[in-house]
Amino acid sequence: MRILDLETPAVVIDLAKVRANLARAQSHAGAHGLKLRPHIKTHKLPLFAKLQCEMGATGITCQKVGEAEVMADAGLTDIFIPYNILGTARLDRLLALHKRVKLMVTADSGVTIAGYAGHFTDPDHPLPVLVECDTGMGRCGVQTVEEVVSLAKQIDAAPGLRFEGLMTYPPRGEPEMVERWLADAIAALKESGLAVNTVSNGGSPDFYRAEQVTSATEHRPGTYIYSDRMQVAFGHGTLEDCALTVLATVVSRPTENRAIIDAGSKALAADTAPVPGHGHIVEYPDAVIDSLSEEHGIVDLSNCATKPEIGEKLRIIPNHVCPVSNLYDVVNLVDGDRVTETVPVAARGRLT
């Protein structure tokens, strides 16, 4: 099958670009002595998680227990879940997973740690726990070094837990600030007699200067495997590096300068980027996807010298590729213009 034979909207993934993105990142990590632990939330495919590990990744990152269960079922054996996991049912699932694979988790409160300690009680097979630190992103994470030490001691005191180290999702463009925060925390922990084995940093935008956070032992990029308009706007590669596109069809041309495509928010997601529009149309780079409804994309053709016709198929680079992956049951892997395989998005919708 050729790409243009696909029914639309459809996700198309260029395998050559995927491999190039992975190889480039793995080479950079290796050159700087940094372990790579890629986040599977971007692709949600065991096929690509295995490929990342085959190319040198130390393990994978999953955001939810459900994603980790899918990856464990597929044979992935080293999984980090950087999320506060709460509730008896979810902790029961986490315990079952801990018995199957090598697992790490995080916590940023005594409540989360108490939940882990109540479920994980075997001192011969403790659960490694990292303390999450807010190094400037303003999301989850403890706010002070004193809190880091306090939570680390609580973890260390629980027989079925093991204090493993620190984790952060950093603010973009602030590696020096992140390094100062982590270095101060590590120093305080060592002064308290607590060893720090792992310091896990994350994010794709700053990946190619991740080595500036010298305290980090591993990095968790996600979007880097595909890239997208947002990453390109942040300076992470170019549009030519973007491996995932959404194939859409022009279904209407109500006016000379307006086209309607069959890819709306249910196909492209609704995320914005630091560039105009809701995606980059490869064949018509001067077109702007001006707005989205659920099933329609409204395209402004005012700046286009040539314009698409009704029935024409277009390839769109999404603004933010991660939510797009979660919108489709299957994706199409391609070599050139040929579809080589259609695979299910195995971890789609695993939100718990």
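Helices H8 (229–233) and H10 (321–325) each put at least two residues into the lining of the largest pocket. Helices here are DSSP runs of H or I with at least four residues, numbered from the N terminus. The model is a predicted one, so local features need pLDDT of at least 70 and side-chain atom pairs count only at pLDDT 80 or more, while totals for chains, interfaces and linings use all residues. Residue numbers start from 1 along each chain as its sequence is written, and side-chain values use heavy atoms, with hydrogens and water left out.

That largest pocket comes out at a volume of about 850 Å³. A pocket is an open set of points on a 1 Å grid over the protein atoms alone, with protein on both sides within 12 Å along at least five of seven lines; lining residues have an atom within 4 Å of a point. Grid points are joined across faces, edges and corners, and the volume is the space filled by probe spheres set on them. There are 37 lining residues, and Lys41, Arg139, Tyr169, His320 and Cys322 are the closest to the pocket centre. Sorted by class, the lining holds 15 nonpolar, eleven polar and eleven charged residues. Nonpolar covers Ala, Val, Leu, Ile, Met, Phe, Trp, Tyr, Cys and Pro, charged covers Asp, Glu, Lys and Arg, and the others, Gly among them, go down as polar. Domain 1 (3–10 + 234–344) and domain 2 (15–225) each give at least three residues to this lining, with bounds from an automatic or database domain assignment.

The largest cavity has a volume of about 60 Å³. Its lining includes Pro170, Pro171 and Pro175, along with Asp206 and Arg209, and splits into six nonpolar, two polar and three charged residues. The second largest cavity holds about 40 Å³; Gln63, Lys64, Val65, Ile81, Tyr83, Asn84, Ile85 and Arg90 line it.

On to helix packing: H5 (residues 110–119) and H6 (residues 145–157) pack at about 10°, axes 10 Å apart. That makes the two roughly parallel, a label for angles under 35 degrees. Gly110, Ile113 and Ala114 of H5 meet Leu151, Gln154 and Ile155 of H6, where contact means heavy atoms within 4.5 Å. Four of these contact residues are nonpolar, two are polar and none is charged.

Methods:
Axes are lines fitted to C-alpha atoms, for helices over the stretch in contact, and angles run from 0 to 180 degrees between N-to-C directions. Angles under 35 degrees count as roughly parallel, over 145 as roughly antiparallel, 65 to 115 as roughly perpendicular and the rest as oblique. On a 1 Å grid over the protein atoms alone, a cavity is a set of points where a 1.4 Å probe fits but cannot get out, and a pocket is an open set with protein on both sides within 12 Å along at least five of seven lines; lining residues have an atom within 4 Å of a point.
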